[in-house]
Amino acid sequence: MLGNHGRSITKAVFTPLARVLARLGVTPNMVTVAGTVASVAVAVICIPQGWIWQGGIALALVMFGDSVDGTLARMTTGGTRFGAFLDSTLDRLADGAVFGSLTAFAVFRMNESPVRTWVIVAGICSIIGAAAVPYARARAESIGVVAKLGIAERTDRLIVGMGSAIVMSVGAPAWVLALGLTWVAFASFITVCQRIWFTARHIDEGAQ
């Protein structure tokens, strides 16, 4: 949902930067790989250590900046099938690193309590959702159905998950993080169900 609205903004912001990168010979795939490496590094280094708001700001900058690969692709190659595959695949690594690191924070940094258990369970479910949502879309597309719908796209899940963690890190109670990750897990499940339902209704159209 948020991702759809944000694309026009990122296009306007990153078009000048993409022009500079294109002149320097930087390829969209280079940007994709660099953004993923930076995202994973920030997540696994900062979040489990408890540097959540610092890591959140760094992740926001890295992931927002990573959007330049799409603009650069449209400006240079026009976008390739391998580029789309690489971008989607590496996004899964970044998502897993973020939700895995939030879960690790709960395991290693939170005091033992029902809320800690809640966060761990919700975090694990969020990791599963981060893989299941794009997988449902990919499998639908493999049989000719474009199931690009759902209440929680990647941007929505990351903003809610990291946002709740940042709010907790600056003084809010731990249950704020628990609620945030619960929303991510629940919304991911609903999104998968929406894509399954959509695919079931349109699979015959895709086969034509």
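Modeller: Helices (H or I, at least four residues) and strands (E, at least two) are DSSP runs, numbered from the N terminus. The model is predicted, so local features need pLDDT of at least 70 and side-chain atom pairs pLDDT 80 or more, whereas totals for chains, interfaces and linings use all residues. Residues are numbered from 1 along each chain as its sequence is written, and side-chain values use heavy atoms, without hydrogens and water.

Colleague: In which helix does leucine 90 lie, and is leucine 90 buried or exposed?

Modeller: Leucine 90 belongs to helix H5. Its relative accessible area is 13%, and the classes (1.4 Å probe, protein chains only) are buried under 20%, exposed over 50% and partly exposed in between. Leucine 90 of H5 is therefore buried.

Colleague: Which residues does leucine 90 touch, not counting residues up to four places away in sequence?

Modeller: Contact means heavy atoms within 4.5 Å. The C-alpha atoms of leucine 90 and glycine 35 are separated by 9.2 Å, although these residues are 55 apart along the chain. With residues up to four places away in sequence not counted, leucine 90 touches Thr32, Val33 and Thr36.

Colleague: How are the axes of H2 and H4 oriented?

Modeller: The axes of helix H2 (residues 28–46) and helix H4 (residues 68–75) come within 8 Å and cross at roughly 175°. Axes are lines fitted to C-alpha atoms, for helices over the stretch in contact, with angles from 0 to 180 degrees between N-to-C directions. Angles under 35 degrees count as roughly parallel, over 145 as roughly antiparallel, 65 to 115 as roughly perpendicular and the rest as oblique. H2 and H4 are therefore roughly antiparallel.

Colleague: Which residues of H4 meet H2?

Modeller: On the H2 side, the residues are Pro28, Val31 and Thr32. Their partners in H4 are Val68, Asp69, Leu72 and Ala73.

Colleague: Which residues does leucine 102 touch, not counting residues up to four places away in sequence?

Modeller: Leucine 102 is one of the residues with the most contacts inside the largest core. Leaving out residues up to four places away in sequence, leucine 102 touches Ile47, Gly161, Met162, Ala165 and Leu181.

How values were computed
Core = buried A, V, L, I, M, F, W, Y, C linked by side-chain atoms within 4.5 Å.
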